[in-house]
Amino acid sequence: METKPLDGEILAAITMALYEYQGGTTHDLESGRLTQHAEKTEWNCKFFMQRQLPVKK
């Protein structure tokens, strides 16, 4: 049985797959906990979206 030598693209794909499998793509550890801070913005607060009506004299 003859074996063909692997070309560069196949070796690169195998190398990247092993790198990702071993955790090489994680840049930092996350706690897995989501936090949410309520902030008043124009998107979620009706007060900011209402315009002030002019005063009639």
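**Starting at L11**

Student: Is L11 buried, partly exposed or exposed?

Tutor: This is a predicted model, to start with. In it, L11 has a relative accessible area of 43%, so L11 counts as partly exposed.

Student: And where is L11 found?

Tutor: In helix α1, which covers residues 8-21.

Student: What nonpolar surface patch is there?

Tutor: One of about 450 Å², made by L6, I10, L11, I14 and L18. On helices in general, an α-helix has 3.6 residues a turn, so residues three or four places apart point the same way.

Student: How far does α1 reach from its first C-alpha to its last?

Tutor: It spans 20 Å with 14 residues, close to the 20 Å expected at 1.5 Å a residue.

Student: What follows α1?

Tutor: G23, and its phi is positive, near 90°.

Student: Zooming out, how many helices and strands are in the protein?

Tutor: Two helices and zero strands.

Notes: Residues are numbered from 1 along each chain as its sequence is written. This is a predicted model: local features need pLDDT of at least 70, side-chain atom pairs count only at pLDDT 80 or more; totals for chains, interfaces and linings use all residues. Side-chain values use heavy atoms; hydrogens and water are left out. Helices (H or I, at least four residues) and strands (E, at least two) are DSSP runs, numbered from the N terminus. Patches are made of residues with over 30% relative accessible area and no salt bridge: like charges are joined within 9 Å, nonpolar side chains (Val, Leu, Ile, Met, Phe, Trp, Tyr) within 5 Å. Accessible areas come from the Shrake-Rupley method with a 1.4 Å probe; for residues, only the protein chains shown count as cover. A salt bridge is a side-chain nitrogen of Lys or Arg within 4 Å of a carboxyl oxygen of Asp or Glu. Buried means under 20% relative accessible area, exposed over 50%, partly exposed in between (1.4 Å probe, protein chains only). The expected span of a helix is 1.5 Å times one less than its number of residues.
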